[in-house]
Amino acid sequence: MRKRFVAGNWKMHMNIAEAEALASAIVERTKGTDFRVLVAPPFTALHTVSKIVAGSHVELGAQNMAAAEKGAHTGEISPLMLADIGVSSVILGHSERRHDYGESDSLINSKVVLALSHGFEVILCVGETLEERDTGKAERVVGTQLESGLAGVSEDLLARVVVAYEPVWAIGTGRTATPEDADAIHAHIRRAIGDMYSSAAAESLVIQYGGSVKPDNASGLLGKENIDGALVGGASLKAEDFAAIVNA
Ligand code: PGA
């Protein structure tokens with residue numbers, strides 16, 4: 001049985017005081033849920049939020065991670081630093097990293113392998129652009145991102161990978177994939193994992209949907225067979241909305 005999993009990606013929002021208030025409210029409002037719940041604050045608020053979620057059901061994620069453990073990497077954050085703060089999961093390959101900061105499939109793969117070797121769970125984001133969708137390439141693009149992102153990852157380690165399907169055209173735009181469209185790509189992802197690993201691996205893979213998930217569309221999406229959770233951006237910045245998605 002796949003455990004439902006809702007993660008909030010706060011992106012570049014929230015100062016320390018705001019992060020503290022939001023994390024406390026999320027812990028409070030999502031108490032008693034059967035879902036896994038995770039928040040991914042900006043790096044500057046991770047330490048503060050880690051103290052708030054410690055001992056609660058809310059897990060702590062990072063929005064990115066360096067592809068190296070230490071050294072001359074100005075501006076980067078090491079897996080050792082994230083582990084030190086109590087981070088358990090790392091979001092990698094987010095479309096904003098791919099498209100706005102030029103992260104390649106091979107860089108993302110190095111990060112995935114390194115994160116797994118440090119014991120983190122990885123939320124690997126994949127998703128096509130509008131042009132790729134309109135030209136019928138969505139499945140191929142997502143398949144390539146999966147294959148390259150997971151190169152060198154054994155089936156044992158795959159148990160610590162969650163895939164987030166986030167169509168680029170639906171992120172922060174208010175446009176959501178219909179539950180049917182999203183479920184079709186999720187099913188494709190599951191088949192691809194089945195081909196790369198095994199049917200058992202495919203069956204146990206948790207696949208989140210991301211892209212303008214809101215309280216009013218969450219239950220339609222999460223009601224689909226292959227949609228096991230959500231990676232939420234904008235709506236994760238209000239405890240009320242985020243909790244409504246978790247409780248959908
Ligand atoms: P959004 O962002 O919910 O604001 O569309 C989702 C994401 O980028 O993870």
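Which residue of β6 is the bridge partner of I123? The partner is V162, and the points below set this pair in its surroundings.

1. Basis of the note. The model is predicted: local features need pLDDT of at least 70, side-chain atom pairs count only at pLDDT 80 or more, and totals for chains, interfaces and linings use all residues. Residues are numbered from 1 along each chain as its sequence is written, and side-chain values use heavy atoms, with hydrogens and water left out.

2. The barrel. Eight strands close into a barrel in the order β1-β2-β3-β4-β5-β6-β7-β8, with parallel pairing. Strands (E, at least two residues) and helices (H or I, at least four residues) are DSSP runs numbered from the N terminus; two strands pair if DSSP finds at least two bridges between them. On average, neighbouring strands of this sheet are turned by 25° against each other, direction ignored. Axes here are lines fitted to C-alpha atoms, for helices over the stretch in contact, and angles run from 0 to 180 degrees between N-to-C directions.

3. Strands β1 and β2. Five bridges pair β1 (residues 5-9) with β2 (residues 36-40) in the parallel sense. Within this pairing, A7 is opposite L38 of β2.

4. Strand β5. V122 of β5 is the bridge partner of V90. Six of the six residues of β5 are buried, so this strand is largely enclosed by the rest of the structure; buried means under 20% relative accessible area (1.4 Å probe, protein chains only). E121, I123 and C125 point one way from β5, while V122, L124 and V126 point the other way.

5. Helix α11. In α11 (residues 215-222), the buried residues are N217, A218, L221 and L222. They lie on the same side of α11 because they cover an arc of only 125° around the axis, the arc being that of the directions from the helix axis to the C-beta atoms. These buried residues pack against α9 (179-196), β7 (207-210), β8 (229-232) and α12 (239-246), where contact means heavy atoms within 4.5 Å.

6. The ligand. Among the 13 residues around the ligand, K11, H94, E166, G172 and S212 come nearest; a residue counts as near if one of its heavy atoms lies within 4 Å. A polar backbone atom of G172 is 2.7 Å from an oxygen atom of the ligand. For S212, a backbone N or O atom also lies 2.7 Å from a ligand oxygen atom.

How values were computed
Buried < 20%, exposed > 50% of the residue type's maximum accessible area, 1.4 Å probe, protein only. Polar contact = N/O pair within 3.5 Å; in protein donor to acceptor, adjacent residues only side chain to side chain.
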